[in-house]
Structures are given as C-alpha cells and as structure tokens.
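The following report describes the overall form of one chain and the surface through which it meets its partner.

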Amino acid sequence: MNVAAEALAPRRRRSGREFMERYGHWLIILPPLLFLIVFFLVPFAFALKISFAETAIRVPPYTDVLSITPDKHIQLSLSLGNYKYLLTDEVYAVSYMYSLRTAFFSTLICLLIGYPMAYAMSRSSKATQNVLLLIIILPFWTSFLLRVYALEGIIRENGLLNTALLRFGLIDHPLKIMRTTFAVYLGIIYSYLPFMVLPLFATLEKLDHTLLEAAADLGNPPWRAFLDITLPLSMPGVIAGSMLVFIPAIGEFVIPSLLGGPDNLMIGRVLWDEFFNNRDWPVASAVAIAFLVLLVGPIALYQHYNVKDMEV
Amino acid sequence: MSERFPPLLFSILCFGIAVLYIPIVVLIGYSFNASELVNVWGGFSIAWYSELLHNRQILNAAALSLEVGVVASTGAVILGTLAAIALTRYRTFRGKLLLTGMVNAPLVMPEVVTGITQLLLFVSMLQFFGWPHRGFTTIVIAHVAFCTAYVTITVQSRLLSADRSLEEAAMDLGAGPVRAFCDTTLPIIAPALAAGWLLSFTLSLDDLVISSFVSGPGASTLPMVIYSKVKLGLSPDVNALASIIICVVGLCVLLAGYLMRRAERKRQFEIQMADR
C-alpha cells in the first residue's frame, strides 16, 4: 500500500506540473479576459437589446424584448420605434453634426497652439525639457471636472476676465462668454491641450537635427526645411495628438453641460438628458448604439489600420 | 540643443502654459477669499476650509470616492498586470484579439456610452440574480473596467523593455515560474505598477459620467456632488474642496514621478556597475 503510494506520488506530481505547463497560462489570461467580457463587452449586448424595447412605467423603465408567454413560447418583440425616432427628430442629426464639427475645430485649434509649444519644448535643453514636461503633464493629471470649473471662474460674467477688463476700461459692460459656443471651444482646448502637446513633443524630440542642418547647408530657408523635413517627420505625432483630442471631445459631456448654452447640444449631452431628464432608457440606448456605430466604429477601424501601417 | 528659439515660439509656449495654469491658480486664490461674493476680494480667510469639515454631504462623498478609488485601482492593477503579461508573454491564445480590443476600447469609448451600457447590464443582473445593487459595488466594477485598460498599457510598455533572460536564468537555477517572476521581473515593472495604480486612482477619483450612470440613490461620489453644486451655482466651499483635491493629486503625481525617476536611476547605476 505504502510502496504503491510512493510509486504513484512522483507521477502525480509530474502530471500536476504538466497540467500547469499546458494550462497554467489560462490562470493569467482568464481573469482579465472574463472580467472585461462580462463587464465591458456584454453590456453592449444589453444596450442593443434595450434599444429595441419601449419605454414603460415600471422598474426598470422599459418593456421586455425577450419574454416567455404563458404557453411556454419565447416571444421576441422588437420595436424599431426608437431608431425611427432618432431619424425623424431633428435634434439627433443636428447634435451629431454639431459634435463632429466642434471636435474637428477644437482639434485643429489645439494643433495650431500645441505644435509650436511642442516644437519650442523639443528645441530647449534637456533640463528645461524635463521641467516643461512636468508643467504640461501636471494639469493632465488634475481633475477634469475641477479644471472646467476653474475655467468657469475666469470667464463667467463676474469672473476674473470681465472684472479685469472692466477695471482697465477696455470694455463698458461685461462680455458674455459663459453659455456660448465660444466657451465650449475654450473648455475643450483648455482641457485637451496637454493631450496634443505630449505626443507631438515625443516625435519632435526624436527628430534628427542633422537633417535640418543639411537642408540649411544646401541653401534652404528655415521655413522650407520645416515644411519638407520637420512637418512630414512629425506626422505620427500630429495624428496621435489629434486622435487623443478628437475622440474624447466628440463624446464630451461635462464641458457643453457646464460651459455651453442650450444650443450647444453635443451628442453626449443629448444622451445624458435623454437618460436622466426624460428617463427614456430605450431611446438613450438607441443613441448610444448609433453613436457607437457612426463614430466609435470608424475611429476604431481607422486606428486599427493606422497602427498596422506604422508597424509595417 | 541651443536654448535659443524665435520669440514667437517662446511666447506661444508661455501663452499655452499660462492658459493651463491661470484658472487653477485663480481658483486656489479665491478659495482663501473671505467674501462670499466671487468677484470681490474680502480678505484672507480659511473659513471655507473649516466649513468643509462640517459638511456631511461632502465628507461622505469624499469617503466614498476614496474608498472606491483604492479598491478599484487595486483591482485594476491586478487585472491590468495579468492582461499585460498575457499580451506580451503569450504569442497566441484563443481570445488574444478580443483581449487586445477590450483593453484598447475604453480609450476610444465615450464615457456616456460606457456608462449607460454598464448600467443596463447591472440593472438586468439585479433582475435575474438579485445582485449587484447600484452603489459602491457597481461603481467599483465600472471603474475597474476602464482603469484596467490604462494599467495594461502602462505595464505592457515596461514589460516589453524588461529582459526576459533574467527570468529564464532564475528558472534554470531551479526557481518555479511564479518565484522566478516575482524575483526578477516584478521589481523591474514595479514602478509601472505604482504609476498604473496612481493613474487609476486619479481617474477613479475624477470620474463623473460613468459613476453618475451606474450609481444608485444615496451613493454620490465627490465629482457627483461637485457637479450638482456647480450646476446649481457657485458655492465658495467648492473652491476650497477643489483646491485640496488639486493639491493632493499634484503632490501625488510629483511624488510618483520622483520615485519612478529614482528607481530608474538606481537601475541604470546597477546595470553600469554590473557591466564593469
């Protein structure tokens, strides 16, 4: 008995080890994979399902899409009403276009301000660079909501800007900045400028300066060298920075909600209002799904292929 | 490189930095304003700070936010590190593309979309399983989901630069895979874990949109309280609260940066010594 057990023991140990070698990696892969599937991927299926439901006065406030009838049949009742509503009510198309436009122009302005900043940073000494990097990164870490709130303190009617301008006699009555489109742009640029500067700086810093010297030696004026060498070589940074600003800007909720007026309907804000103010969960789900298909999908595809191109 | 660049460039740089900092500096300045009127300077006072200490709503929200932040970022560091190891160490496995996609998706997903989809999941789960009730648990789960992405990316880049041969050497010397990993690779990626935790913590502490969707009645995080206060109009105690948060987070970031740099320097120094 004892002998047999001893003879078996190493074998069992070996098979345990073999088991670990064959399947051990699943111990590492499965926890994050399962967690993200359940809590990140599956929710989209639920949103898709509920976007086909109808609003109902109950908890939760929508009708069943899948239900079991008394005679044990599974009943599927899909309602396309929410999507039809998205197409007929003007507000959705308008806010969609408005979000695109706002994100596009604020990205452009961020690029116009951020590029010279990153360029100046890349041309300074190593020590200065480290300090400047820290200065740019610090706001990036501070609370987004609080920074928007801080900006409000500057631009509101009795804020610092108007107080200062009035005192110096530059204006007669306070400027109305809050609750305008301008305030929304200002908010987005203020919040997302670091996202533009950092990747731009990363590519500009790696730029081979001997190329510029060579261009100068060959008699090219600096602007020519910039257009022919610096700009093309920094394109990866331009694209990365633009994506980092454009993507969050398009779904932005806090900025249009706190700084914008009633006209500044960005799609994120429309979804929020649909959900919290109108309590219409099915329509809010439909907006989310449409948003996903029309905006996030193309961006994800673009990024996917872009990354592949860069690897090649 | 030379420190000289055209004055135009220099002024744009200064302008950009000024734009980033002036509102924050002004906010902190006003938090010490004795006057309740926001545009009148009524002298120096810390009254708004002491008022915070008596505001139950804010104290409760701050406690909830800190709790959520600690739990969620710890969870995210564990899951994110596992995901980073899986993605860098295993060439192929079933679901690798899916995992890659899910790790990168939160970076492009608008918060409103993530928030509403997760809420719908939680509501349906509650209907079927009677769990989880909306509040602390759902906020933590939602935060772990998006923070994991940031941790994975932070740790991944560090793992790629870590020298695998050290771990192989340890295994050749008889250490098991877990022991080998903990003794060789873990110390190398530790700064990335710390940075990932801190990043997650600040993201969690800052999150308004996702928390608003998934939280239930009675559970308000600090950003939710601040948002509703700001939406109603300005209250000077928010200035004080905001100043505290900004300073604490700023100090954390500076400390983390300092620690990471010191760790990096030490490592470089050791490599140099070893090469000699």
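## Chain A: form and interface

Buried residues, meaning those with 20 or more other C-beta atoms (placed from the backbone) within 10 Å of their own, make up 40% of the 312 residues in chain A. This is a predicted model, in which local features need pLDDT of at least 70, side-chain atom pairs count only at pLDDT 80 or more, and totals for chains, interfaces and linings use all residues. Residues are numbered from 1 along each chain as its sequence is written, and chains are lettered from A and ligands numbered from 1 in the order of writing.

Chain A contains 13 helices and 2 strands, taken as DSSP runs (helices H or I, at least four residues; strands E, at least two) numbered from the N terminus. The radius of gyration of chain A, taken over C-alpha atoms, is 28 Å, well over the 20 Å from the globule rule (2.2 Å times the number of residues to the power 0.38) for 312 residues, so chain A is more spread out than a compact globule. Its C-alpha trace spans about 95 × 60 × 35 Å along the principal axes.

An automatic or database assignment divides chain A into domain 1 (2-76) and domain 2 (89-279). Their centres, over C-alpha atoms, are separated by 42 Å.

In chain A, 67 residues are in contact (C-beta atoms, placed from the backbone, within 7 Å) with 60 residues of chain B. Helix H1 (residues 2-50) of chain A gives the largest share of this side, 17 residues. The table divides the side of chain A that touches chain B by class.

| Class | Residues of chain A |
|---|---|
| Nonpolar (Ala, Val, Leu, Ile, Met, Phe, Trp, Tyr, Cys, Pro) | 53 residues |
| Polar (the others, Gly among them) | 12 residues |

Note on methods. Buried ≥ 20, exposed ≤ 12 C-beta atoms within 10 Å, placed from the backbone. Contact = placed C-beta atoms within 7 Å.
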